[in-house]
There are 4 protein chains.
Amino acid sequence: MAYEKEKLSEEKVFKDPVHRYVHVRDKLIWDLIGTREFQRLRRIKQLGTTYLTFHGAEHSRFGHSLGVYEIVRRMVDDVFKGRPEWDNSERDLCLCAALLHDLGHGPFSHSFEKVFHLDHENFTREIILGDTEVNQVLRRVGEDFPKAVAEVIEKTYKNKQVISLISSQIDADRMDYLQRDAYYTGVSYGHFDMERILRVMRPRDDQVVIKQSGMHAVEDYIMSRYQMYWQVYFHPVTRSAEVILSKILHRAKQLYEEGYQFKHTPAHFYSIFEGKVTLSDYLKLDESIILYYFQAWEEEEDSILSDLCKRFSNRRLFQYVEFNPNEEMVKFFELTTLFKRAGIDPDYYLVVDSSSDLPYDFYRPGEEEERLPIHLLTQDGSLKELSRQSDIVDGISGKRRTDHKLYFPQDLIMDLSVKRAAKLKIKELLKLT
Amino acid sequence: MAYEKEKLSEEKVFKDPVHRYVHVRDKLIWDLIGTREFQRLRRIKQLGTTYLTFHGAEHSRFGHSLGVYEIVRRMVDDVFKGRPEWDNSERDLCLCAALLHDLGHGPFSHSFEKVFHLDHENFTREIILGDTEVNQVLRRVGEDFPKAVAEVIEKTYKNKQVISLISSQIDADRMDYLQRDAYYTGVSYGHFDMERILRVMRPRDDQVVIKQSGMHAVEDYIMSRYQMYWQVYFHPVTRSAEVILSKILHRAKQLYEEGYQFKHTPAHFYSIFEGKVTLSDYLKLDESIILYYFQAWEEEEDSILSDLCKRFSNRRLFQYVEFNPNEEMVKFFELTTLFKRAGIDPDYYLVVDSSSDLPYDFYRPGEEEERLPIHLLTQDGSLKELSRQSDIVDGISGKRRTDHKLYFPQDLIMDLSVKRAAKLKIKELLKLT
Amino acid sequence: MAYEKEKLSEEKVFKDPVHRYVHVRDKLIWDLIGTREFQRLRRIKQLGTTYLTFHGAEHSRFGHSLGVYEIVRRMVDDVFKGRPEWDNSERDLCLCAALLHDLGHGPFSHSFEKVFHLDHENFTREIILGDTEVNQVLRRVGEDFPKAVAEVIEKTYKNKQVISLISSQIDADRMDYLQRDAYYTGVSYGHFDMERILRVMRPRDDQVVIKQSGMHAVEDYIMSRYQMYWQVYFHPVTRSAEVILSKILHRAKQLYEEGYQFKHTPAHFYSIFEGKVTLSDYLKLDESIILYYFQAWEEEEDSILSDLCKRFSNRRLFQYVEFNPNEEMVKFFELTTLFKRAGIDPDYYLVVDSSSDLPYDFYRPGEEEERLPIHLLTQDGSLKELSRQSDIVDGISGKRRTDHKLYFPQDLIMDLSVKRAAKLKIKELLKLT
Amino acid sequence: MAYEKEKLSEEKVFKDPVHRYVHVRDKLIWDLIGTREFQRLRRIKQLGTTYLTFHGAEHSRFGHSLGVYEIVRRMVDDVFKGRPEWDNSERDLCLCAALLHDLGHGPFSHSFEKVFHLDHENFTREIILGDTEVNQVLRRVGEDFPKAVAEVIEKTYKNKQVISLISSQIDADRMDYLQRDAYYTGVSYGHFDMERILRVMRPRDDQVVIKQSGMHAVEDYIMSRYQMYWQVYFHPVTRSAEVILSKILHRAKQLYEEGYQFKHTPAHFYSIFEGKVTLSDYLKLDESIILYYFQAWEEEEDSILSDLCKRFSNRRLFQYVEFNPNEEMVKFFELTTLFKRAGIDPDYYLVVDSSSDLPYDFYRPGEEEERLPIHLLTQDGSLKELSRQSDIVDGISGKRRTDHKLYFPQDLIMDLSVKRAAKLKIKELLKLT
């Protein structure tokens, strides 16, 4: 029997708090879950530094990956199978792409990617196509199968309908993470009626559309997403931890480049610092490695590196104030000067951080962030774009919201033993009392 | 104002998935949460290796500690306050002991304690009484306050009623972890009506009793506990991971004692291997440190250490069969011999592991595990022991249940290139197919 | 001791699926709950005919009334008490008004009020001020107390802050019914974080405002309300049952006025038909009385009354099509003529029904439906109107949505044994197949 | 196409709070739901008088019947289909029997059956086999089909496996009502992992067995059942309402037999009083009819009937004390005498009520209440009786628990204007203060 058709003798189930059970019947899927590259996702938190704001958010990308797989499995096996516009020969491809879509994520991805100019999507591709256990399993399906999986994840696969299951404005990825992150943080947002959405999804040409009768469930989903972004993902305390994390990485890189003698040599970071990281090096990185170094670096001579590492481990975060880059750059530069005068390095201790989100967008061809809109399938078979039908979605459609905040270590400022004048001025500018 | 009476200008809340919100008004509590020793609990998983069975169980002891505090806060402030048999001057002591009761736990405590003869309760005491941030905060209440907190946790404090809030057969610790572990694993056990139980708790002499009208809620709690023990805490797959973890620690210690040259020197373990661990060394240990070493040791020359570390990281666990130590010791010794013959070291690869629990016990003075029973407060004011009143509890009271399992690496046995005879015999004895 | 200060010797609790427990300590509240007028609310469904669409929605106004009381109790006792702008001497008035605010509702209120020009608010007032058990209890607090309670419910009480707890765009009434109706229907809308909203409510001058930090919880509440209106309250199948119910009442009244000899004389309806219903007559009306008559009338000679009653009891509802009153009145009149020609009385069998809602409104003084907006309390103490701060709310603020549907009995039309031409034309106009 | 194979063009779903959605694809099922006999179940409460204790428990037998259908549908379509020991030609029979199993229930069944010696199971049979809409639908499947459905419900059908889906110690009926009644009452008992139980059910010979791996889920179910019986179904306040209800029926019957001239003639009751109720009479009885009479009878001359009806409507229930029939019969007779002396008719106002349950039973052939035990299917294919495997179940297996209470109207006793001696003695015997 073809490998991709082999079934386990007994169905395996994972107890999952979000979907109750994740069901695995296919040997292919079971084997992928057992690879070391997939098991590594247990050591990468789904929400990076968010656990420092919401203590419950300690869950890893492992559970999320299973969840996306499970949602796609239900779409395909329970809803699409047998429908005229669905080609069931794409099933296994969909399941594998769903399971593996986050495989290239490293620890605290966002900071790492920004500081070191890495891209987790490239690593996902490399893991799928490279010399890995995952690749060995996928190749058992066919020589070209790994490439197809990578293409679906990269959104270059020829069948756009397949892509849209995993990457669209209403896809399995988002549906899982919204619910999962809401569950673990404990917030009351993030709930919507996924059962209903799944039941009204229909394959159609090069996309998946929603029967009109399910419009309100989709509205609810859009609102959940909006709330989760601003309540959880962009929470300013989380951003503060992210700022410190980035600055640790910056500092370590700079010290390395300056030839600083580390007490604890950052062997795992060499190739990253030098911009030539290999897949093998990358796969060794997980959060325990990073936290190991942060603990070790608490004892470095360099006071900035040591201070930042202690802040991260012991959650002594930066404070923040609202910041308007259009109007307050003069203030920012003034603060920069004052920080220097006070002996606080502004490169590491005075940071503007911005968050921005577009909750839903209709189709604007050619624009930078071209996004395929959600289409409703009416009773007469025609398609209508969601924001034309929904007052709620229309109210927020296409409206980008951006927040900027200025982060700084209030304790350092207040502790200044000298430079009373600088301290007073800084306090005035930051409105500290 | 006395430090322990100081209130925060604005109440702080932690969003908690189990209790919805954890409320902090007292500066004392807020300061304790901010200490580095308490923040360290974020890097210690509540359920050790259980995440390898239930992938959702990645939560740390940090959230549990907050949860126990919150339950005790509700008992004291919402239920006990103002009642005749309650001395509210013990309030702050109760809250601190609740918050700090698990402070001495290290990574994967159970295995560590067993292999290295450590005791997390000693470390809790040392952290509270030693040169730590926690101690500094506690001492602001009074010179003797740290000692009182330690005594409550050690169950030696003079007021037994205070102890029973945190350590009894129905205490805040158990009520939090049953619910919390059920939430994160996603199992349907572990739910009981804590709101009801809190409402019917009454302080009485040297214990906390339950109004008779709340008996059924307590029955439900006892059953939840029973189910959680056998469904989650003693799950054989979790035990398998625990067995491997213990054997890694054993092996590393033995190699160290034999003078083996580690490629990656286990600096963090020296004092533990030598049986003279200091508080400062101990506090550096967290799960990221352990996992860092396990990754490093995958590349050691020693094939046993390397193999076991790979097994742990990649979740290639041991299989198991039921084992009856009273009847099957001959078989066990036969297997030991066969394993040796097959070149598999039975000291590391053939392990009997036992789990045992007493779901509830009435009072049996003088016995090894003397446990204070749960008392019901009847309408006429008299006390009745729970199992005398409840058929359900009576049915399981005092009945110890013990399970033994024999763990082994099925893959190694099946891969044996040589020793066909040993392989066949092992397979027969272990009933492998 | 003053009656309103009397406490029960033991707190009473009602197990409530929405709020877990409803707590009663005050003898005043306990006595009100025990009155026959309050117990009568058990025989009035909260959502009228909605149970014919959502079979779970069989809950009565009794539970809702307890729920509104419980929310106000928490506001007052847990959040407002002790705050400078809160006058705690209004507490008992708030609790009583909350508990009794729906007391005048009759069975299937909306249809009854429309057909017979009744007003449940008048009856609430009459019950509170008239010769009732409720009035006797309230008068024990003070001679003017019943009047004050009635004024709060009627929104004429001098202290507008008190009114706003029960009647505003974010009040205890709405917060209870959205959650309760969502619970019983089983829909996934209707959930929002009431705990959070309660915690950020602040008494201020003549209203209750929301701390800015709670804005997102309020957004979620506004969206829940929007979804519940269109998904549940205005559900076209529910409206269909409501249409039939109204037509039964119309028909019975008309027959009565025409001197029709009822087999089952509608004694309970006499005074209503004659427009001179007394409080005593009104209080006898509950849903069992109505359903008793509907069953009896199934056997009346009058075929319209009999048919409509059978439809209601056996859920043989009218079908519907979208209807645009601005463009389709010609069609409506044509259908009226055709129905007559086909022997189907259009007065009873061809009905336009409209639903309309304004999800949130900012303040538009002097307009017909003047509504007090929700104000956010910023950190500097100033107030900001919600829709100015929230993109989501701004997107739907002030936008009235109205739906019209045309209801008709498809079975009657399809069964026409004669008048083939009329049937064909009706089918064409209504697009029946 | 055979009628029982006809599918609806679009699947119909009922939103259900317990199962989220109830799915109907079969025209047969849809048609049955639409019959007037099935719609009548909306007017019969699932839990009779329980809403007077748990105000949320106002749900009808309609939702429960849909729920049992849905569970059986999942068993058959999702779990059993395709398994060797399952005969799928029984599918439609199973679904119909599940849907219709409670069809013969009348209002407040338990009291009605006891007082008038009726049996709802006989009426279920009559409805299925008689001149009804339900019978017309069923006969479209086959002339013998109604009889088969009736036999499954009566447990006389030849295929015992089919019966066990609906009537056994772990059947769809119990699994629905435990969850549903827990949901509507709001109690925290009644939850168990039905998904898990469904997944481990296996058809086997003449029963349905449970794979051993699901034992703990079954334990949880048995405990839920136990708790629901004692916490909800046998709640003494509910029993008090039931006692009053029975006594109203008794009184009305006695008055009728004595030739009493009712102001409001009990036309609906004539045939019941005379012991010759017809199906057509029976089907007219629903709770609104009963409550209509109770309201009317409040105005009867007979003070007992009038008083009891007012008590029921306004929830002025009887108080109770524990009663031991083995030891306290002398006291009971003494009270009877005293009640008479005090002018309170003991036949109506002094009532012993008993509740009794056997939480689980192993097989005891030939005994009065012979019950088929639950069997676990072990890995080697053999069956083991549940209580032999489970300590928890063994602890309560075969242990019947019985409670007796003595009910009386405390208000009447306390109000006695005369007979001070009798009053004092009664108070002493009943320990009233």
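Among contacts in chain A between residues at least 6 apart in sequence, 67% join residues at least 24 apart; two residues count as in contact if their C-beta atoms, placed from the backbone, lie within 7 Å. The model is a predicted one, in which local features need pLDDT of at least 70 and side-chain atom pairs count only at pLDDT 80 or more, while totals for chains, interfaces and linings use all residues. Residues are numbered from 1 along each chain as its sequence is written, with chains lettered from A and ligands numbered from 1 in the order in which they are written.

Chain A holds 23 helices and 9 strands, taken as DSSP runs numbered from the N terminus (helices H or I, at least four residues; strands E, at least two). Its radius of gyration, taken over C-alpha atoms, is 24 Å, close to the 22 Å from the globule rule for 433 residues, so chain A is as compact as a globular protein of that length. That rule is 2.2 Å times the number of residues to the power 0.38. Buried residues account for 50% of the 433 in chain A; buried means 20 or more other C-beta atoms within 10 Å of a residue's own, with C-beta atoms placed from the backbone.

Chain A splits into domain 1 (3–233) and domain 2 (236–317), with bounds from an automatic or database domain assignment. Their C-alpha centres sit 30 Å apart, and the contact between them draws 23 residues from domain 1 and 18 residues from domain 2. On the domain 1 side, α5 (109–116) and α6 (120–129) each supply at least two residues, and α5(A) gives the most, with 6 residues.

Turning to the neighbouring copy, 19 residues of chain A are in contact with 19 residues of chain C. On the chain A side, α12 (215–233) and α21 (391–396) each bring in at least two residues, and the largest share, 7 residues, comes from α12(A). By class, that side has 7 nonpolar, 6 polar and 6 charged residues; Ala, Val, Leu, Ile, Met, Phe, Trp, Tyr, Cys and Pro count as nonpolar, Asp, Glu, Lys and Arg as charged, and the others, Gly among them, as polar.

Definitions and conventions: Buried ≥ 20, exposed ≤ 12 C-beta atoms within 10 Å, placed from the backbone.
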